Amino acid sequence: NGFLGNQPENCYIHLNSVPDGAEFHALVKICDLMWLANHNFPFSSNRLTKTALLQVPVLVTTGGLLDRKVKQYCLGQSLHLDERDKIASILQDIQNYEIKYSLAFQIGCKNYLSLHDSVQLRKQMSKVICELASFEKKMT
């Protein structure tokens with residue numbers, strides 16, 4: 001049984017995948033922190049956008065895209081996975097500073113989301129369509 005049989009009250013550990021959509025949304029919404037610090041996987045799979053939308057701070061692996069975005073938008077903290085002795089300290093810092101309620105975090109979430117909303121998607125798609133049309137015109 002070990003740890004899984006004796007989980008602390010403040011931990012929820014689910015070893016199977018959670019379906020995307022409403023169930024995953026509800027799970028993220030109740031989190032104090034979302035652990036995105038995965039070994040050899042510095043990508044987001046859109047989880048950073050979901051956590052910014054629900055204003056849940058994240059913990060990511062140092063290096064890579066997620067680390068850059070988290071630092072740029074003040075969305076949480078990063079750590080080296082090989083520095084396990086620092087994990088408890090980083091988690092304590094996040095709790096002590098109440099990052100979720102900081103102005104920098106609130107503004108960071110808003111700014112990050114503004115880059116990923118439907119208006120930006122339309123702008124980028126229009127840009128791609130114009131570039132394709134221009135390229136096609138040059139080819140004929």
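Colleague: Let's start with helix α7: how far apart are its end C-alpha atoms, and what span should its 22 residues give?

Modeller: First, a caveat: this is a predicted model, where local features need pLDDT of at least 70 and side-chain atom pairs count only at pLDDT 80 or more, while totals for chains, interfaces and linings use all residues. Residues are numbered from 1 along each chain as its sequence is written, and side-chain values use heavy atoms, with hydrogens and water left out. Helices (H or I, at least four residues) and strands (E, at least two) are DSSP runs, numbered from the N terminus, and the expected span of a helix is 1.5 Å times one less than its number of residues. For α7, residues 118-139, that rule gives 32 Å, and this agrees with the end-to-end C-alpha distance of 31 Å.

Colleague: How many of the 22 residues in α7 are buried?

Modeller: Buried means under 20% relative accessible area, exposed over 50%, and partly exposed in between (1.4 Å probe, protein chains only). By that test α7 is hardly covered, and its count of buried residues is 0.

Colleague: What about the cysteines: is C31 buried or exposed, is C130 buried or exposed, and how many disulfides are there?

Modeller: C31 has 18% relative accessibility, so it counts as buried. C130 has 55%, so it counts as exposed. With a disulfide taken as a pair of cysteine sulfur atoms within 2.5 Å, the number in the structure is 0.

Colleague: On to the strands: which strand pairs with β1, and in what sense?

Modeller: Two strands pair if DSSP finds at least two bridges between them. Strand β1 (residues 34-36) has 3 bridges to its partner, and M34 stands opposite V58 there. The pairing is parallel, and the partner is β2 (residues 58-61).

Colleague: Which side chain makes a polar contact with the side chain of S78?

Modeller: S78 lies in strand β3 (residues 76-79), and its 17% relative accessibility makes it buried. Leaving aside neighbours within four places in sequence, its contacts (heavy atoms within 4.5 Å) include L59, K71 and I90. A polar contact is a pair of N or O atoms within 3.5 Å; within protein, one must be able to donate a hydrogen and the other to accept it, and residues adjacent in sequence count only if both atoms are side-chain atoms. At 2.9 Å, the partner is D67.

Colleague: Last one: how far apart in space are F105 and P57?

Modeller: F105 sits in helix α6 (residues 103-114) and is buried, at 1% relative accessibility. Beyond four places in sequence, F105 touches P57 and others, among them V56, L75 and I99. F105 and P57 are 48 residues apart in sequence, yet their C-alpha to C-alpha distance is 8.0 Å.
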